[in-house]
Amino acid sequence: MARLFSLAAISFFFLAFQAVAGSSLPVTRSIGAPVGFGAACAKYKWLCGRMAAQQRNDGAGIGLLQKINRAVNLRIIPAEDRPSSGNRDVWSLPVAGRGDCEDYALQKMKDLIEAGFPSNRLALSVVIGPHDQNHVVLIARTDGGDFVLDNLTSAVRPWRMTGYTFLATQDFQSRTGWRVTLAGPRAGEFS
């Protein structure tokens, strides 16, 4: 009986994970890009352009997402922009091995594109993170749904399993544009 219960529990978890994992972030109208994004877009052509990529199956894609997420999280030391740049919010690749959340996300995007992940399946997203602060993560769109690469965890998770409230996301197709997202536990507060 215990075996049957364990099998049923595992099956339920797997089916529930598939249902959650299989969803894409909902987007609505266009919105202005976050401060700092435009300068980063002008500086890094890969951020807003389309890059040729290899076709990958989702199994290989998820493995690559996990590998890049862990590697970048281990390689960069968390640091705010102000001490290094004098500005409050500069979107750039990490400087001297240090960076804040958008710097981690940019590095992950760059590394994934260089590894052959399709650029039109990657987008930055502004969320309400821990302690009610704005936070930037990288979204990777797979056939199995949208997954989040985050500097606060080594786990790559479906967007619904992060606990974040998503506010705005870079447009997957028109890469210089941003779209209102409003999804997650506190989305109703902003509509």
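Biologist: How long is the polar contact that joins the side chains of Ser-23 and Trp-159?

Modeller: First, this is a predicted model: local features need pLDDT of at least 70, side-chain atom pairs count only at pLDDT 80 or more, and totals for chains, interfaces and linings use all residues. Residues are numbered from 1 along each chain as its sequence is written, and side-chain values use heavy atoms, leaving out hydrogens and water. A polar contact is a pair of N or O atoms within 3.5 Å, one able to donate a hydrogen and the other to accept it; residues adjacent in sequence count only if both atoms are side-chain atoms. For Ser-23 and Trp-159, the value is 3.2 Å.

Biologist: Is Ser-23 buried or exposed?

Modeller: Ser-23 sits in the loop between helix H1 (2-21) and S1; helices (H or I, at least four residues) and strands (E, at least two) are DSSP runs numbered from the N terminus. Buried means under 20% relative accessible area, exposed over 50%, partly exposed in between (1.4 Å probe, protein chains only). Ser-23 has 13% relative accessibility, so it counts as buried.

Biologist: Which strands stand at the edges of the sheet?

Modeller: Seven strands make an open, antiparallel sheet in the order S1-S9-S8-S4-S5-S6-S7, where pairing takes at least two DSSP bridges between two strands. Each edge strand has a single partner, so one side is left without a neighbour in the sheet: S1 (30-31) and S7 (157-158).
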